[in-house]
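Student: I am new to this structure and would like a guided look. Please take me through it piece by piece.

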Amino acid sequence: MATEIALALGGGGVRGIAHLGVIRCLEKEGFKIKAVAGTSVGGLVGGLYAAGTTTEQLEEAAGAINQRKLFRRNPRDGPAFLGLHNVEKALLSTLGDLTFKQLDIPFGCTSVDLHTGQEIILTQGKVIDAIMATIAFPGIFPPKIINGITLVDGGVLDPVPVALARWLASTLPIIAVCLSPEPEEWSELPSPGLPNTIPIPEVFIKQLRKGKTIQAVEIFSRSMDILDRSMSELRLKIDKPDVIIRPNVAKIGLLDNVNPDELIEAGELAAKKYLPQIRASLTIPKTISRYLHKEKTPPGHNLDIETNSISKDTPDD
């Protein structure tokens with residue numbers, strides 16, 4: 001039986017470290033990941049993986065992260081609470097000027113044009129530019145401007161990019177990794193607050209939390225969290241991946257200080273639960289059904305970073 005699959009990796013801030021555990025488990029079980037689509041942190045992990053970075057290297061990098069330094073603002077950063085300058089520097093050391101055409105496997109990530117509201121899929125040009133666009137969480141991180149187009153986190157419209165994964169690998173089972181829990185568990189989630197990775201002393205953060213402005217920010221953050229989870233469930237119901245894996249990481253905030261090993265273990269444990277379903281999705285009848293219903297057009301407007309053109313056409317690779 002063939003063991004080839006495609007992944008749709010969802011957004012969720014530092015919770016995305018759990019994606020590494022999922023990938024580790026799938027590789028151990030002999031599955032061959034032939035395409036990856038990602039949104040936000042899922043795009044970051046997916047892009048690095050598609051570029052040939054091993055799970056061991058990714059896990060080592062996750063363990064070495066200093067979040068307070070990583071998200072420190074730079075004078076050149078756009079309007080945002082935190083910065084991505086150091087993230088971009090770290091990605092440059094790995095990806096350099098690598099383009100999508102040079103990747104080991106097909107990869108795509110999602111973003112949103114802040115001015116038109118269109119979902120933009122990125123599958124051409126420099127990979128680092130696409131990743132910087134897909135992780136630009138509105139308000140928290142600065143938008144990515146590419147040839148005059150202002151792009152923000154694709155999770156605004158497509159938190160788990162199943163349709164994009166299906167377009168990249170139309171005959172393969174799509175394994176979605178969603179970092180939010182089932183709706184039945186939402187009432188048990190803690191309220192999101194200020195990130196504890198803000199690069200200022202904790203004593204000042206405690207004082208800020210007492211102010212009405214910050215309380216308003218926390219209310220807004222809570223509302224955005226609800227919207228993100230609702231959008232995730234809606235898209236999953238519409239796009240219907242073959243399997244949905246949900247690591248137990250929902251109680252972790254988007255930018256909390258975390259133990260990477262615990263998140264990786266959570267991803268691996270979650271993937272193990274769904275191995276029978278993944279194997280069942282590889283049967284010949286299901287493969288034939290996917291072939292007959294394969295996606296022929298991209299699930300969004302395709303931005304060619306090199307020519308600055310936006311279209312609904314399939315890129316000519």
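**A walk along the chain**

Student: S40 is found in the loop between β2 (32-38) and α2. What is the phi of S40?

Tutor: Good place to start! This is a predicted model, in which local features need pLDDT of at least 70 and side-chain atom pairs count only at pLDDT 80 or more, while totals for chains, interfaces and linings use all residues. Residues are numbered from 1 along each chain as its sequence is written, and side-chain values use heavy atoms, leaving out hydrogens and water. Although S40 is not a glycine, its phi is positive, at about 55°.

Student: Is S40 buried or exposed?

Tutor: Buried means under 20% relative accessible area, exposed means over 50%, and partly exposed is in between, with a 1.4 Å probe and protein chains only. The relative accessibility of S40 is 9%, so S40 counts as buried.

Student: K240 also has a positive phi, about 50°, without being a glycine. Is K240 buried or exposed?

Tutor: The place of K240 is in the loop between α9 and β8. Its relative accessibility is 57%, so K240 counts as exposed.

Student: How many helices and strands does the chain have?

Tutor: Helices are DSSP runs of H or I with at least four residues, strands are runs of E with at least two, and both are numbered from the N terminus. By that rule, the chain comes to 12 helices and 10 strands.

Student: What share of the 317 residues is buried?

Tutor: Let's take the chain as a whole. Contact means heavy atoms within 4.5 Å, and residues 24 or more positions apart account for 77% of the contacts with a separation of 6 or more. As for buried residues, their share of the 317 is 50%.

Student: Which residues of helix α6 are buried?

Tutor: Helix α6 covers residues 127-134 and is mostly covered, with 8 of its 8 residues buried. They are V127, I128, D129, A130, I131, M132, A133 and T134.

Student: Which elements do the buried residues of α10 pack against?

Tutor: The buried residues of α10 include L263, I264 and A266. The partners of the buried residues are α1 (18-28), α3 (55-63), β8 (243-245) and α11 (275-280).

Student: Which residues is D239 in contact with, leaving aside neighbours within four places in sequence?

Tutor: D239 lies in helix α9 (residues 212-239). Its relative accessibility is 11%, so D239 counts as buried. Its contacts are V162, A163 and R166.

Student: How long is the polar contact that joins the side chains of T150 and H115?

Tutor: T150 is found in strand β6 (residues 149-153) and counts as buried because its relative accessibility is 9%. A polar contact is a pair of N or O atoms within 3.5 Å; within protein, one must be able to donate a hydrogen and the other to accept it, and residues adjacent in sequence count only if both atoms are side-chain atoms. Between the side chains of T150 and H115, the polar contact is 3.4 Å.

Student: Which backbone oxygen does the side chain of T53 reach?

Tutor: T53 has its place in the loop between α2 (41-50) and α3. At 14% relative accessibility, T53 counts as buried. At 3.0 Å, its side chain reaches the backbone oxygen of L48.

Student: How far apart in space are T53 and L95?

Tutor: In sequence, T53 and L95 are 42 residues apart. From C-alpha to C-alpha, the separation is 9.6 Å.
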